[in-house]
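Student: I have a structure open and would like to go through a few of its features. Can we take them one at a time?

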Amino acid sequence: MSSTVSQECPCPPHRSDASPRLLHDDEIRNTLSKLDAYKQRGNSIERLYTFKGFRGAIKFINSVADICISHNHHPTITNMYGHVRLNWITHSTMEEIPGVTSKDIELAWECDKLYSTAFGARPLNDKELELEKL
């Protein structure tokens, strides 16, 4: 059964059950400008999410896992106390080269929506903002 992504999602149109194509750098830049705090890192995209404590971070990770399982697409998740870093890359693309696809953008967008209502979510402090610039 095929499905399409939400009209609200900033990702390029695609069918969620099809093998995705790699996005060009200009497409990635355009869609990342519509997402909060995501950055392109090589052939992937990533974001640091911050929480008041460990419990909020783990609740967020579990909610991300639920979304990922339903889409059959999973990020690299790194957790350190109240910090969660999500790194998205598609390994099975039409071109057979790992990189950023509309699936990654769609799920990054879903995670941003989830974070906006997450338990214990907090903005980055000055030190964290400085480290993210590196």
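Tutor: Y81 sits in the loop between β3 and β4; helices (H or I, at least four residues) and strands (E, at least two) are DSSP runs, numbered from the N terminus. This is a predicted model, in which local features need pLDDT of at least 70, side-chain atom pairs count only at pLDDT 80 or more, and totals for chains, interfaces and linings use all residues. Residues are numbered from 1 along each chain as its sequence is written, and side-chain values use heavy atoms, with hydrogens and water left out.

Student: Is Y81 buried or exposed?

Tutor: Buried means under 20% relative accessible area, exposed over 50%, and partly exposed in between (1.4 Å probe, protein chains only). The relative accessible area of Y81 is 55%, so Y81 is exposed.

Student: Which value is phi of Y81 near?

Tutor: Most residues other than glycine have a negative phi. Y81 is a residue other than glycine with a positive phi, near 50°.

Student: Where is A37, which has a positive phi of about 70° although it is not a glycine?

Tutor: A37 counts as partly exposed, at 42% relative accessibility. Its place is in the loop between α1 (25-32) and β1 (39-41).

Student: How many disulfides are there?

Tutor: A disulfide is a pair of cysteine sulfur atoms within 2.5 Å. The sulfur of C68 has its closest cysteine sulfur in C111, 5.6 Å away, which is too far for a bond. C68 counts as buried at 1% relative accessibility, and C111 counts as buried at 0%. By this rule the number of disulfides is zero.

Student: With which side chain does the side chain of R122 make a polar contact?

Tutor: R122 lies in the loop between α3 (102-115) and α4. Contact means heavy atoms within 4.5 Å, and not counting residues up to four places away in sequence, R122 touches T50, F51, K52, H83, Y115 and E128. A polar contact is a pair of N or O atoms within 3.5 Å; within protein, one must be able to donate a hydrogen and the other to accept it, and residues adjacent in sequence count only if both atoms are side-chain atoms. At 2.7 Å, the partner of the R122 side chain is the side chain of E128.
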